[in-house]
Amino acid sequence: MAIVKFITNKECRLYIDMEDVGMVLLGKMTKVTLEPGSYLIEAKDAKGNLFSRYELKINTMDTQILQNLTDVNDGVDEVIEKLKDNYELSFYNQRAVFAHIGRYGYIDSRYNVIIPPIYSYAENFIKRYALVKRMFGNEEKATIIDTDGNLCFGQWFDYIGDNDNQILFRRDKTYYVVKRDSYAIIKEYKGIGFDSKTKLIPVRQEIGIDCYCGYIDKTGTEIIPFIYDNVEAFEDNGFAKVKRFGNIYAIDRWGNLYHSIEEAIKDGKVIPSESDLSDNQSAKVYHAEKITKEESLVRGFDLGLDEFPVREGNEWGIGGLSYEEEFNDNGDIVSYHVSPDYKISIHRCDRILYYDYDYKVFRKNGICILETDEENYVFSADEIILSLRWEHTFEGLYDRHEILNIIIKKNRKYGIVNIKGEIVLPIEFDFIEITNAVEKGVTGNVGIIWKDNKCTLVWIENGELFGPFKYEDIIVNNVDTNLYIVNSTFLIKEKGKFGCIDFYGNIILPPIYDTINYNWEDTPDGYHYKMHLFKDGKRGFYEYCEYNILNGRYTKVDLYVEPQFDEIVLYECGEKYGVSYIFVRDCKKWGIIDKIEHLPIYSIYETADQSICHSKINKEDIDFKYNTIEEARESIKK
């Protein structure tokens, strides 16, 4: 609960969610105790005229809040008088936008102030509705209002973008597409993972009893069709990972599918041929096997099998290869051609949920069927998701074992059952997704589970939750390498701030940062992951290292630089255990964090296996003596 203190520059009557709270007297405070939530605050003068209306949000951590009910009508009369002489002023649905002290409001055709100037942005009314934006602290929110200033959807949103036909809003993890000609919500999407850094946003949509994933742009326009089981944000290389029929592929921004991101990156590139080693220089253009966006709507990706998913109308099934043989007069085969036949031959069904060599999952008439080499299993469910345990070797090879458990969806709720259909985790959660997080050389053990727009981690094999549902988002810090001895970590978002936890829910970095950028590096001496930290306009750095220093002994070291610098640049140094120098700028001067000096390297040789040496860097440890970063780099070279 929070105590809210209201003050005013003139006596007024206070309303909270349309209820009369009482008078706010000039020079005196009115105190109101409110639970966490969102409230509509209104203030009216002695004549009953509304002069202040806004939304007040109270978080669980708030204890006392001071609210100034400013009379925004001060000086408005002079502005209105000038508008009467403005013949270019246009009225839409008997309303016109006017500006006062950098804020916007609306007047009617008689020049009465109908909606006071409280908005940072306001559009003309169309069919009684208009798009407006308003500042709440440092955040700008948007919504749709009617001609009386009422919130059409009863809440404010994050404004994402718009075009001539529609507007895209977001609240929590839900995206709303609003049609301009009617100002009605025509589509809803659930966001997947953290916000995309690209123009394409990965989202999930409910279509009937199913959830499909695809991509929209910042106006809410569908760019890549909703035909995937799961999608991820686009990477810096221009491609993203998507999952279909339980298998992972790569996709480009135009919706073309590839077998892998590695293949996609090489597509259309000039690849040196073996003849380049000779005097006769030549090259070839590499063309990866891919399927266009249009083709992907009617068939599954070619999995390299004799049979593969295909679609006919609204039905799915399995197609196969067609064989064409040509004989001569003697009956001998003179030509033999094998080609895909994209017609359903077997397993005609409503949806194919999973398909590979070992497991096949189909749904027909409300029943999900899991086919294995040994036995078929039947589940009364809308959808089932297989959780497969993969065990990896040090060489990066893997061996798949039995199914851990099965995520089951029924009536838009998720739970976990074993292969016999026995309940492991009740079917009462909003969503459960499997991840490829790595723990002790094994992937498939952990998932992300959602309830009431909050999430936590869950062990798929026993249904055990890592902790309470308190995170707004979780994303796996995947290691882009075959070195599967490295445990994954997780970026977390809590109360709008970011942090990092390990595989067992232990805090690596508390959720206090505005943004965290994560990347991974594998070196000849070991490996380390790096996180750039952003907080209150300052930058910091965290690096975790594990080095093979002597006779196969590994030692763990972490380096923390709190956000206290204006700029941070890494300078890779290919020596001394693969660590790098860090250049930091404070105001206009540059300094160097020499990790060889700051990390307790000498004590490493004396510590036991799997020990951790901590190192924390502060400004006082650094000599800011370089005018430019080039000067700093030259000093390293010397």
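Accessible areas here come from the Shrake-Rupley method with a 1.4 Å probe. On that basis, this chain exposes about 32,600 Å², and carbon and sulfur atoms supply 47% of it. Keep in mind that you're looking at a predicted model. It's a strand-heavy read: the chain has 55 strands and 6 helices. Of its 638 residues, 47% are buried. Among contacts with a separation of 6 or more, 39% link residues 24 or more positions apart.

**Nonpolar cores**

- The largest nonpolar core has 25 residues. Ile 416, Leu 425, Ile 432, Leu 457, Val 458, Ile 474 and Phe 490 have the most contacts inside it.
- Seen by element, two or more residues of this core come from each of β37 (413-417), β38 (423-429), β39 (431-434), β42 (446-451), β43 (454-459), β44 (473-477) and β45.
- Take Leu 425 as a way in: leaving aside neighbours within four places in sequence, its contacts are Gly 415, Ile 416, Ile 432, Ile 449, Val 458 and Gly 463.
- Apart from that core lies another, with 18 residues, including Ala 2, Val 4, Val 24 and Ala 43.
- As background, nonpolar side chains in soluble globular proteins tend to be buried together.

- Start with β45 (residues 489-494), which runs antiparallel to β46 and is joined to it by 5 bridges. Across that pairing, Leu 491 stands opposite Cys 500 in β46.
- The β45-β46 hairpin has 2 residues between its strands, and Lys 495 in the turn has a positive phi of about 55°.
- How enclosed is β46 (residues 497-501)? It is largely enclosed by the rest of the structure, because 4 of its 5 residues are buried.

**The β33-β34 hairpin**

- β33 (residues 367-371) and β34 run antiparallel, joined by 5 bridges. They form a hairpin with 4 residues between them.
- Leu 370 stands opposite Tyr 377 in β34.
- β34 (residues 376-380) has two faces: Tyr 377 and Phe 379 are on the covered one, while Asn 376, Val 378 and Ser 380 are on the uncovered one.

**Two buried polar residues**

- Lys 173 sits in the loop between β15 (166-171) and β16 (174-179). Buried or exposed? Lys 173 has a relative accessible area of 13%, so it counts as buried, the cut-off being under 20%.
- The Lys 173 side chain makes a polar contact of 3.3 Å with the side chain of Asp 473.
- Beyond its neighbours within four places in sequence, Lys 173 is in contact with Tyr 189, Lys 190, Gly 191, Ile 192, Gly 193, Trp 450, Glu 472 and Asp 473.
- Ser 52 belongs to strand β6 (residues 50-58), and at 7% relative accessibility Ser 52 is buried.
- Setting aside neighbours within four places in sequence, Ser 52 is in contact with Ile 41, Glu 42, Ala 43 and Thr 70.

**Cysteines**

- The disulfide count comes to 0.
- Cys 213 is in no disulfide: its nearest cysteine sulfur belongs to Cys 211, 7.3 Å away. Cys 213 is buried, with a relative accessible area of 1%.
- Cys 349 is in no disulfide either, with the sulfur of Cys 368, the nearest cysteine sulfur, 10.0 Å away. Cys 349 is buried too, at a relative accessible area of 3%.

**Positive phi in loops**

- Asp 17 is not a glycine, yet it has a positive phi of about 50°. You'll find Asp 17 in the loop between β2 (12-16) and β3 (19-24), where it is partly exposed at a relative accessible area of 37%.
- Arg 412, another residue other than glycine, has a positive phi near 65°. Arg 412 lies in the loop between β36 (398-410) and β37, and at 45% relative accessibility it is partly exposed.

Technical notes:
Residues numbered from 1 in each chain as written. Predicted model: local features only at pLDDT ≥ 70, side-chain atom pairs only at ≥ 80, totals over all residues. Heavy atoms only, no water. Buried < 20%, exposed > 50% of the residue type's maximum accessible area, 1.4 Å probe, protein only. Pairing = 2+ DSSP bridges. Polar contact = N/O pair within 3.5 Å; in protein donor to acceptor, adjacent residues only side chain to side chain. Contact = heavy atoms within 4.5 Å. Core = buried A, V, L, I, M, F, W, Y, C linked by side-chain atoms within 4.5 Å. Disulfide = S-S within 2.5 Å.
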